[in-house]
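Let's take a friendly tour of a protein model. Have a look at the structure below, then read on for the highlights.

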Amino acid sequence: MKPTKARPRARPKTAPKRPAVMTGATVPVLGWPPEEDRVEAIFERLARIMPEPKTELSFSSPYTLVVAVALSAQATDVAVNKATDRLFAVADTPAKMLELGEAGLVPYIASIGLYRNKAKNVIALSRIVLEQHGGEVPLNRTDLQALPGVGRKTASVVLNELGIEAAIAVDTHVFRVSHRLGLANAATPDKVEAQLFRVVPEAWLPKAHHWLILHGRYTCTARKPKCGGCVILDLCPSRAGLMALGEAG
């Protein structure tokens with residue numbers, strides 16, 4: 001008798017790949033674009049409970065805002081505020097920051113992630129602001145993004161917060177919430193930003209960035225989103241899936 005050949009094992013099915021920018025939370029890939037009426041209703045309700053959303057970073061001027069946002073990369077606003085409360089008391093202008101110097105700056109921000117590289121950037125951007133812009137932060141996207149440590153996301157936060165441009169900075173909160181709500185389904189922050197600009201009604205654009213961040217930070221959290229207390233629960237296409245996975249609270 002010929003020996004019977006063993007059947008090759010079937011390869012396990014791999015789960016569909018999820019978007020690259022993740023925090024361990026489930027992010028569904030939903031159809032896009034969403035229904036206009038549903039999008040309008042989402043922002044109407046968010047506006048009702050957060051009529052004047054603002055950044056939670058502490059700042060007193062465009063310069064301190066730029067520094068705070070630059071320091072906030074891969075750090076919480078709470079951690080940044082603890083550091084800048086002390087820092088801005090002694091260095092709240094480009095000239096004072098340069099006087100403090102990189103070595104003097106490090107102790108103030110050592111509790112924040114990537115603090116050495118951030119210290120180099122803050123000193124470098126302070127020098128450019130002082131020498132090339134007369135000590136005033138340039139409030140246009142091109143010049144802002146030319147500053148060391150200031151990328152597109154940081155510039156968007158600054159321009160939006162100061163009411164100069166209706167920008168949407170896509171961080172992990174915005175990325176997660178916009179996917180769960182079906183406002184976007186792209187796999188990169190830049191593409192999600194483009195999708196949001198296409199579907200968010202113009203009237204809501206100036207504050208959409210803050211609403212999505214704050215909703216993600218306090219309600220639609222990465223793990224165990226607080227669906228039970230969500231004002232847009234009935235408008236969320238991901239609710240059933242989160243419940244089925246045991247991820248919703």
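## A quick briefing

Glutamate 193 comes out as buried, because its relative accessibility is 8% (buried means under 20% relative accessible area, exposed over 50%, and partly exposed in between, with a 1.4 Å probe and protein chains only). Keep in mind that this is a predicted model, where local features need pLDDT of at least 70, side-chain atom pairs count only at pLDDT 80 or more, and totals for chains, interfaces and linings use all residues. Residues are numbered from 1 along each chain as its sequence is written, and side-chain values use heavy atoms, with hydrogens and water left out.

**Salt bridges**

- Side chains of opposite charge can pair when their charged atoms come close.
- The count here is eight salt bridges (each one a side-chain nitrogen of Lys or Arg within 4 Å of a carboxyl oxygen of Asp or Glu).
- Glutamate 193 has a salt bridge with arginine 152, at 2.7 Å from N to O.
- That pair links distant parts of the chain, as glutamate 193 sits in helix α9 (residues 189-199) and arginine 152 in helix α7, 41 residues apart. (Helices are DSSP runs of H or I with at least four residues, strands are runs of E with at least two, and both are numbered from the N terminus.)
- Arginine 152 counts as partly exposed, because its relative accessibility is 37%.
- Salt bridges with shared partners also join Glu56, Asp77 and Arg217 into one network.
- Another salt bridge brings lysine 207 and glutamate 52 together, at 3.2 Å from N to O.
- Lysine 207 is in helix α10 and glutamate 52 is in the loop between α1 (36-49) and α2, so this pair ties together parts that are 155 residues apart in sequence.
- Lysine 207 is partly exposed at 27% relative accessibility, while glutamate 52 is exposed, with a relative accessible area of 55%.
- Glutamate 35 and arginine 38 form a salt bridge too, at 3.0 Å from N to O, and arginine 38 counts as buried at 17% relative accessibility.

**The two sides of helix α9**

- The buried residues in α9 are Val192, Glu193, Gln195, Leu196 and Val199.
- Looking down the axis of α9, you'd find these buried residues within an arc of 165 degrees, so they line one face of the helix (the arc is that of the directions from the helix axis to the C-beta atoms).

**The largest pocket**

- Pockets and cavities are found on a 1 Å grid over the protein atoms alone: a cavity is a set of points where a 1.4 Å probe fits but cannot get out, a pocket is an open set with protein on both sides within 12 Å along at least five of seven lines, and lining residues have an atom within 4 Å of a point.
- The largest pocket has a volume of about 630 Å³ (grid points are joined across faces, edges and corners, and a volume is the space filled by probe spheres set on the points).
- Its lining has 29 residues, and Ser72, Ala73, Ala75, Lys153 and Asp171 lie nearest the centre.
- Helix α10 gives the most to this lining, with five residues.
- Sorted by class, the pocket lining has ten nonpolar, twelve polar and seven charged residues. (Ala, Val, Leu, Ile, Met, Phe, Trp, Tyr, Cys and Pro count as nonpolar, Asp, Glu, Lys and Arg as charged, and the others, Gly among them, as polar.)

- Of the 14 residues lining the largest cavity, His215, Cys220, Cys227, Cys230 and Cys236 are the closest to its centre.
- The lining of the largest cavity has ten nonpolar, two polar and two charged residues.
- How many disulfides does the model have? The count is zero (a disulfide is a pair of cysteine sulfur atoms within 2.5 Å).
- Cysteine 220 is in no disulfide, and its nearest cysteine sulfur, that of cysteine 236, is 6.2 Å away.
- Both cysteines are buried: cysteine 220 has a relative accessibility of 10%, and cysteine 236 has 18%.
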